[in-house]
Amino acid sequence: MPAPEIVLTQRFQSAFTSAFGAEYAEADPLIRPSQFADFQCNAAMGLAKRLGKKPRDIAAEIVEAVQLDDVAEPLEIAGPGFLNIRLRTDWIAAQAAELAQDSRLGTPEQTPRTVVLDYSAPNVAKEMHVGHLRTTVVGDALARTLESLGHTVIRQNHIGDWGTPFGMLIEHLLEVGEDSEEAGLLLTDPNAFYQAARQKFDATDGDQGAGEDSFAARARRRVATLQSGDAQSLEIWQRLVGLSKQYFHRIYDELDVTLTDADLAGESTYNDLLEAVCRDLEEAGIARISDGALCVFPEGFTGRDEQPLPLIIRKSDGGYGYATTDLAAIRHRVQTLGADRIGYVVGTAQELHFKMIFQTAREAGWLPETVEATHVKIGSVLGEDGKILRTRSGSSLRLMALLEEAVAKARGVIDELRPDLPEDQRASIAHDIGIGGVKYADLSTAHDSDYVFDLDRMLALTGNTAPYLQYAVARIRSIGRRAAEQGVDATGVTPHVVNDAERALALQLLEFGPTLAQVGASYEPHRLCAYLFATAQAFTSFYEASPILKEEDPQVRVGRLALTQLTERVLVDGLAALGVNAPQQM
């Protein structure tokens, strides 16, 4: 079922062919929602220069050529040549009736693609902090949205589970004992465990008196031992990773995200592939030695000195870095996982890195032009002072502490508003509201923009917030329960679309499918948030203007109930695509 703007675009393109010739068959009619009508066609302004005519004269020719009698009321030429379009109410009603019967709610059929999404990516033996919130939440919303569109999504949680710090961590675990209270911090406060190891390393680094027996010296040797495949070191490393995975899942369960152990693809995954990456790039003439390191100089990148900018893929000491791992990963994702699209949900600070990785992979032939690679740039979470959100001591804010605070704050509100509900139900609602509020506030901001973390605003029942949308759903479900009590059943009934509030709501519902498709194409979940907010606002206006269960005419009553239930489906499916739960009651 095509959306209104798609129908209008097709009709106008046909009119351009008729009025101006075949070369204008694909001209963009620039159909936009308008405050003056349902939509506005701005094509005359763009065609004026090409045709050498006045925009209003072109608009008049378009009016003569376009066939919209079955879709819209007579067109109105406004201003210098805009065409205002008001759709016929009976056409909107027919489209709404078709939408109500569509299990996909108007989501356009798409060619199924394999999309690899790299997101979350915490570090083993380190606390997940507020900086991980956005990469996790945005990535998971995109995964859910793409799957709802019919694509195959392969999640890749590229955790930091390899490299220099692990020599330090293994030695510290051996010293304190795996059954010790301090080892238990890996499950409850990984940062404390990491910091204790770091302090011991820093305190003994450079200690000439201790020689080869110092903690720092042993930690450095342990790195080489681990990376050479030593069985004991690998066994301890695996236990460290296992403990951290338990911690990760506590966070993921609290956030209601879909990542599992099957999605883990950490740095260690590619360890055996790094030598081949370097060798193949050298043999292809793409990589060369520079100042002792093996480097790639991808085309189009220069430094401040106007010299080619190097991407180091093997350090002068023989070690490998993030660039080598990312090149191995991108080759694996294309050649083995069969990716058609790859999205990297990673902080904006990595923009240059990924541009160079993508260019290098294309020059090497590992990333063909048929495969789309996108860095979904993630902005920062700020405090009220406009700086990166941190604790008073200046350290990164623990993500679990932040989530627990959100749920506790929501629980206080629910306990006050709904003391009549059972304890377990209030706990469930508080979780949905607290976690939903945090996630939605993040998702409703353009992913590459920063935003201020404000729990009061996130949990407000007014404005563009999750609780506002959740309350709209809860209100609709309350109407449904009362309707059932009164014996009013709208099953199979056509939505009632007659008055202005009904047609405005119906027209808004028709935009769900195209909006979801746009989010999947552009990796921009904030557009879905804006749509859902506008839909909830349209429902509120409809609810205030059009009595539902108090309506005396039984046909109008069930028709409005059908429109209400269609609204519920759209809001619930939209929130689900974002990873936000809609509780039954609030």
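How many aromatic pairs does the count come to? Hi everyone, let's start there: the count comes to 11 aromatic pairs. Please keep in mind that this is a predicted model.

One of those pairs is F539 with F542, and the arrangement is tilted, with 6.0 Å centre to centre and 50 degrees between the planes. Why are F539 and F542 about one helical turn apart? Because they sit three residues apart in helix 20, which covers residues 525–545. Both F539 and F542 are buried. Elsewhere, F16, F20 and Y24 come together as one aromatic cluster.

Now, rings with charges over them. The charged end of K126 sits over the ring of Y194, 4.5 Å from its centre. Then there is R331, which lies over the face of W366 at 4.2 Å from the ring centre.

Let me finish with helix 13, residues 351–364. This helix has 14 residues and spans 20 Å from first C-alpha to last, close to the 20 Å expected at 1.5 Å a residue. Its buried residues are H353, F354, M356, I357, F358, T360 and A361. What covers them? Among the elements that do are helix 11 (274–283), helix 12 (322–335), and strands 8 (293–296), 9 (311–314), 10 (341–347) and 11 (372–378).

Methods:
Residues are numbered from 1 along each chain as its sequence is written. This is a predicted model: local features need pLDDT of at least 70, side-chain atom pairs count only at pLDDT 80 or more; totals for chains, interfaces and linings use all residues. Side-chain values use heavy atoms; hydrogens and water are left out. Helices (H or I, at least four residues) and strands (E, at least two) are DSSP runs, numbered from the N terminus. The expected span of a helix is 1.5 Å times one less than its number of residues. Buried means under 20% relative accessible area, exposed over 50%, partly exposed in between (1.4 Å probe, protein chains only). Contact means heavy atoms within 4.5 Å. Rings of Phe, Tyr and Trp (its six-membered ring) pair if their centres lie within 6.5 Å; planes under 30 degrees apart count as stacked, over 60 as edge-to-face and the rest as tilted. A charge sits over a ring if NZ of Lys or CZ of Arg is within 6 Å of the ring centre and within 35 degrees of the ring normal.
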